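Visitor: I'm new to this one. Could you walk me through how to read it?
Guide: Happy to; let's bring it up first.

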Amino acid sequence: MEKNLTPLVVVAVALVDAQGQVLMQQRPEGTMHAGLWEFPGGKVDPGESAEEAAVREMHEELAVRLDPASLVSVGFSSGLLGAENAGGAASAASGRRALVLLLYAARAWEGAPVSQEGGQAQWYAAQSLGELAMPPLDYPLADALKIWLKHDFSEKYADRC
């Protein structure tokens with residue numbers, strides 16, 4: 001078992017429109033997982049909270065503005081990535097790095113989402129997300145999002161935010 005892997009923390013946001021569709025982004029050519037669909041997001045920078053990173057990433061990737069208070073935690077997935085894919089420090093013995101991917105959902109934002117980094121962005125019905133070609137860690141997040149949308153946890157726990 002590998003020890004002392006410092007995880008790379010990555011945030012992703014499921015923008016959910018009034019019809020319950022979810023915005024997915026296609027990875028641009030020349031990147032890890034090129035051509036696959038994913039929840040938009042990115043790395044949490046040092047000194048930044050996950051919510052701050054989510055807000056920043058949505059502005060950088062989709063030119064939308066989010067209120068951090070509008071983000072609702074949906075779930076997470078984790079795994080190991082090869083060092084060449086994780087963008088940096090990895091276990092010297094294995095060449096792998098731990099990754100933790102946090103998924104938030106947002107039902108409100110300012111601006112029309114437009115991909116800023118070369119990949120496509122497209123709305124999909126939540127129930128069809130599992131049919132998309134996605135990076136491995138996005139599949140459990142898609143399942144968690146479907147459960148979250150079915151039970152609409154954002155309304156149930158709104159008074160606790």
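**Strands, pocket and core**

Guide: One thing before we start: this is a predicted model.

Visitor: In what sense do β1 and β6 pair, and over how many bridges?

Guide: The general idea is that strands of a sheet pair through backbone hydrogen bonds, either parallel or antiparallel. Here, β1 (residues 8-15) runs parallel to β6, with eight bridges between them.

Visitor: Why is β6 described as largely enclosed by the rest of the structure?

Guide: Look at how many of its residues are buried, which here means under 20% relative accessible area. In β6 (residues 96-106), eight of the eleven residues are buried, so the rest of the structure largely encloses that strand.

Visitor: What is the order of the strands in the open sheet of three?

Guide: Follow it as β3-β2-β7, with antiparallel pairing. At the edges stand β3 (37-38) and β7 (121-125); each has a single partner strand, so one side of each lacks a neighbour in the sheet. Between β2 (residues 21-26) and β7 there are five bridges, in the antiparallel sense. To find your place, look for Q21, which stands opposite A125 in β7.

Visitor: Now the open spaces. How much space lies in the largest pocket?

Guide: About 650 Å³. Its lining has 33 residues, and V10, R27, M32, H33 and E38 are the ones nearest the centre.

Visitor: Which element gives the most to that lining?

Guide: That's β1, with four residues. Other elements that each supply at least two include β4 (41-43), α1 (50-62), β5 (72-82) and α2 (83-86).

Visitor: How do the lining residues divide by type?

Guide: You'll find 15 nonpolar, eleven polar and seven charged.

Visitor: And the largest nonpolar core: which members touch the most others?

Guide: Among its 26 residues, those are V22, M24, F39, L103, L129 and L145. Contributions of at least two residues each come from β1, β2, β5, β6 and α3 (138-151). The top contributor to this core is α3, with five residues.

Visitor: What does L103 touch, leaving out residues up to four places away in sequence?

Guide: Its contacts include A12, V13 and A14, then F39, and also V72, S73, V74 and G75. L141 and L145 are on the list too.

Visitor: How many residues does the second, separate core have?

Guide: That one has 15, including A50, L62, L66 and A106.

Key
Residues are numbered from 1 along each chain as its sequence is written. This is a predicted model: local features need pLDDT of at least 70, side-chain atom pairs count only at pLDDT 80 or more; totals for chains, interfaces and linings use all residues. Side-chain values use heavy atoms; hydrogens and water are left out. Buried means under 20% relative accessible area, exposed over 50%, partly exposed in between (1.4 Å probe, protein chains only). Two strands pair if DSSP finds at least two bridges between them. On a 1 Å grid over the protein atoms alone, a cavity is a set of points where a 1.4 Å probe fits but cannot get out, and a pocket is an open set with protein on both sides within 12 Å along at least five of seven lines; lining residues have an atom within 4 Å of a point. Grid points are joined across faces, edges and corners, and a volume is the space filled by probe spheres set on the points. Ala, Val, Leu, Ile, Met, Phe, Trp, Tyr, Cys and Pro count as nonpolar, Asp, Glu, Lys and Arg as charged, and the others, Gly among them, as polar. A nonpolar core is a set of buried Ala, Val, Leu, Ile, Met, Phe, Trp, Tyr and Cys residues joined through side-chain atoms within 4.5 Å. Contact means heavy atoms within 4.5 Å.
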